[in-house]
Amino acid sequence: MGSDPQYAKWPLLPLSQHVFTLTNPYAARPAQQAAVKALQDAISEHKMAPLYKYLAHPTDGILNVIGETTSATAALRGPPSRKSSVAAGIVAGGSLPSGVNLPWDEQVYQQLQADNDKELEEIQKEEDEAVEKAGDTEIMAARGKRAEFFAKIGDKDKAISAYEDVLEKTGILGTKIDIVLAVIRMGLFYGDRALVKKHVTKAKTLVESGGDWDRRNRLKAYEGLHLLTVRSYNLAAPLLLDSLSTFTSYELCTYSNLVVYSVLAGSVSLKRVDFKSKVVDAPEIKAILGADGDDKLLALSGAISAGPGAEDADMRDAKDTATPNVPTKATTVVNLTTLGTGVDQPESEMAIDFSSLAQLVSSLYNGHYKLFFQALALVEEKFLTQDRYLFEHRGWFIREMRLRAYQQLLQSYRVVGLESMASDFGVTVDFLDRDLAKFIAGGRIPCTIDRVTGKGVIETNRPDDKNKQYQDVVKQGDQLITKLQKYGQAVRLRGSERA
């Protein structure tokens, strides 16, 4: 039950980020050039013929599909297929920049294919010998090796089929969970959300039937990342935040990426009390986002409490703790390679500047809305537009964070001057008027804007809790009476039939 994870090395998920970077119109050219080199090196080192064809083939390659094509190539391609729709999860959708591409070389592909065939023959020979001379354990090991081989070279369909074959014939629960997690990573690599959803459900069923502690915690990170890709940030936040203190799934993402995902999901979805305890005061996050001196050491050691009973449980108003003009503390660039649990990581993590993320968290909680808008723009530039899991929902995230800031300020006042609020946020009155109007029309902010009387006034319409509760009781009572009447009619009808 407590065995080491199996099938955890392949596929190499960083390669899918490189593919995304290559097609990302917001990526810097040096980053795109580095992505091309990383892809070429990995394809050459691991003999990844299927992945090479999937990406760079002149007619079927997804990088060719989104780039410039000739009329002859377009004619050969035919109508769009399901493969093209799934490819949307791995590419950003932009055209390839001139001078940065993954060129197709038929000779290289044939050599890679020959190397694959040779290695596959060796695996088949090993399996045949195991069938003749060894037991079930050796046979399953050979079949598992075949599945990992297909996952390594990027053959999605054959890898999943091989994994399913091993899953069906193995009886060890821990191995079954590891196989399902490997299939989830294949789905994440290729952006196949339906596949990921199906196998997350299967993994949860297996874990609930007796999975060990380590696999339960690993599944939290897997499920949280999946929920992030389908914009369920409210469900992803608790899973990702819980994973911070026990994270060992380096095959899924780096620890620094997990910190980013956790902070963003918590910032947009958690209530203020939970946001304080699980993000602002969380030891793992304080250790990264700018705790100073002794506080940082205490946060790393876990000595600082971030539970519900931590200091400031009464949620003092932001204006009592700091002034809007106080600059945010500078957060140094952090390398998180050494912050893991001792588990070997696939590669060293790059140093990341978390200063904009730290400013986003502190300015939102402390009510420094001008700094918050500035930090939000930086977070979009440095994180939302550069990560394949965050890119698709970046517009939604920005809107929801603006909405959260508006709601946080307006809930403290009955009447607010439009010009005063625009000054607090560092935007023009016209922009704030238009932005608030969208949220008011959608029923997201209970207020009205009156610009007839002069400079403009925002008046909040606070719902009367007692009247709301009364209306809910009446509505639910009417629904219950209707159901009882229908039930009574059905009973009388059956009685008359019996008579």
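1. A residue counts as buried when its relative accessible area is under 20%. Arg 218, with a relative accessible area of 2%, is therefore buried. This criterion is applied throughout the points below, which concern a predicted model.

2. Overall composition. The protein chain contains 23 helices and five strands. Of its 499 residues, 45% are buried. Among contacts between residues at least 6 apart in sequence, 67% join residues at least 24 apart. The points that follow take up individual salt bridges, residues and helices.

3. Salt bridges in general. Side chains of opposite charge can pair when their charged atoms come close. In this model the count comes to 20 salt bridges.

4. Glu 127 and Arg 146. These two residues form a salt bridge in which the closest N and O atoms are 2.8 Å apart. Glu 127 is in helix α7 (residues 106–133) and Arg 146 is in helix α8 (residues 136–153), so the bridge ties together parts that are 19 residues apart in sequence. Both Glu 127 and Arg 146 are buried.

5. Asp 192 and Lys 156. A salt bridge joins the side chains of this pair, with an N to O distance of 2.8 Å. Asp 192 belongs to the loop between α10 (173–190) and α11 (193–208), whereas Lys 156 belongs to helix α9 (residues 156–169), so parts 36 residues apart in sequence are tied together. Asp 192 has 7% relative accessibility and therefore counts as buried. Lys 156 likewise counts as buried, at 14% relative accessibility.

6. Glu 251 and Arg 218. The side chains of Glu 251 and Arg 218 meet in a salt bridge of 2.9 Å, N to O. The pair links distant parts of the chain, 33 residues apart: Glu 251 is in the loop between α13 (233–243) and α14 (255–269), and Arg 218 is in helix α12 (residues 213–229). Glu 251 has a relative accessible area of 14%, so it is buried.

7. With Tyr 222, the side chain of Glu 251 makes a polar contact of 2.6 Å.

8. Helix α13. The buried residues in this helix are Tyr 233, Ala 236, Ala 237, Leu 239, Leu 240, Leu 241 and Ser 243. Their packing partners are α12, α14, α15 (272–280), α16 (283–286) and α20 (394–410). Helix α12, one of these partners, is also the helix that holds Arg 218.

9. Helix α3. This helix, residues 49–56, is mostly covered, with seven of its eight residues buried. The buried residues are Ala 49, Pro 50, Leu 51, Tyr 52, Tyr 54, Leu 55 and Ala 56.

10. Ser 16. This residue is placed in helix α1 (residues 13–23). Is Ser 16 buried or exposed? With 0% relative accessibility, Ser 16 counts as buried. Excluding residues up to four places away in sequence, Ser 16 touches Ile 90, Phe 189 and Arg 388. Ser 16 and Ile 90 are 74 residues apart along the chain, yet their C-alpha atoms are separated by 6.2 Å.

11. Helices α19 and α21. The axes of helix α19 (residues 369–384) and helix α21 (residues 418–425) come within 6 Å and cross at roughly 50 degrees. At that angle α19 is oblique to α21. Tyr 369, Lys 370 and Phe 373 in α19 meet Ser 423, Asp 424 and Phe 425 in α21. By class, the residues of this contact divide into three nonpolar, one polar and two charged.

Conventions: Residues numbered from 1 in each chain as written. Predicted model: local features only at pLDDT ≥ 70, side-chain atom pairs only at ≥ 80, totals over all residues. Heavy atoms only, no water. Buried < 20%, exposed > 50% of the residue type's maximum accessible area, 1.4 Å probe, protein only. Helix = DSSP H or I, 4+ residues; strand = E, 2+ residues; numbered from the N terminus. Salt bridge = Lys/Arg side-chain N within 4 Å of Asp/Glu carboxyl O. Axes fitted to C-alpha atoms, helices over the stretch in contact; angles between N-to-C directions. Parallel < 35°, antiparallel > 145°, perpendicular 65-115°, else oblique. Contact = heavy atoms within 4.5 Å. Nonpolar A, V, L, I, M, F, W, Y, C, P; charged D, E, K, R; others polar. Polar contact = N/O pair within 3.5 Å; in protein donor to acceptor, adjacent residues only side chain to side chain.
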